[in-house]
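User: Could you walk me through how to read packing in a model like this one?

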Amino acid sequence: MEMKTLRKTKTELELQITGEDETILHPITHVLLQNSDVDYAAISAENPLAPVKILVIRVKKGSPEDYLKKAIKQLEDEIKTFGKQIQ
């Protein structure tokens with residue numbers, strides 16, 4: 001996976017992500033949107049099979065990077081819990 005920052009402001013972050021598909025990006029946007037301080041979170045691509053995706057995050061307050069890190073951490077914890085329940 002390769003990640004490149006396309007745009008970064010105080011309340012917005014736009015990342016170009018190459019080599020990942022919706023399998024990981026949809027859960028990230030889903031968790032982001034559960035937070036009331038996240039105003040917008042979505043992924044886009046030229047077409048569903050395109051190797052390059054764009055992740056856009058807009059927040060009401062705070063840092064979009066911090067909300068992204070929290071969302072990823074939450075998903076990691078959920079996956080670990082799920083894995084333990086399988087064993």
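Analyst: Gladly! Contact means heavy atoms within 4.5 Å. This is a predicted model, where local features need pLDDT of at least 70, side-chain atom pairs count only at pLDDT 80 or more, and totals for chains, interfaces and linings use all residues. Residues are numbered from 1 along each chain as its sequence is written, and side-chain values use heavy atoms, with hydrogens and water left out.

User: Which residues is Glu-14 in contact with, leaving aside its neighbours within four places in sequence?

Analyst: They are Lys-4, Thr-5, Leu-6, Arg-7, Ile-54, Leu-55 and Val-56.

User: Is Glu-14 buried or exposed?

Analyst: Buried means under 20% relative accessible area, exposed over 50%, partly exposed in between (1.4 Å probe, protein chains only). Glu-14 has 18%, so it counts as buried.

User: What about the largest nonpolar core?

Analyst: Such a core is a set of buried Ala, Val, Leu, Ile, Met, Phe, Trp, Tyr and Cys residues joined through side-chain atoms within 4.5 Å. Here it has 17 residues, and Leu-15, Leu-32, Val-38, Leu-55, Ile-57 and Leu-68 touch the most other members. Two or more residues come from each of β2 (12-18), α1 (22-33), β3 (38-44), β4 (52-59) and α2 (64-86).

User: Which residues of α2 are buried?

Analyst: Pro-64, Glu-65, Tyr-67, Leu-68, Ala-71 and Leu-75. These pack against β1 (2-8), β2, α1, β3 and β4.

How values were computed. Helix = DSSP H or I, 4+ residues; strand = E, 2+ residues; numbered from the N terminus.
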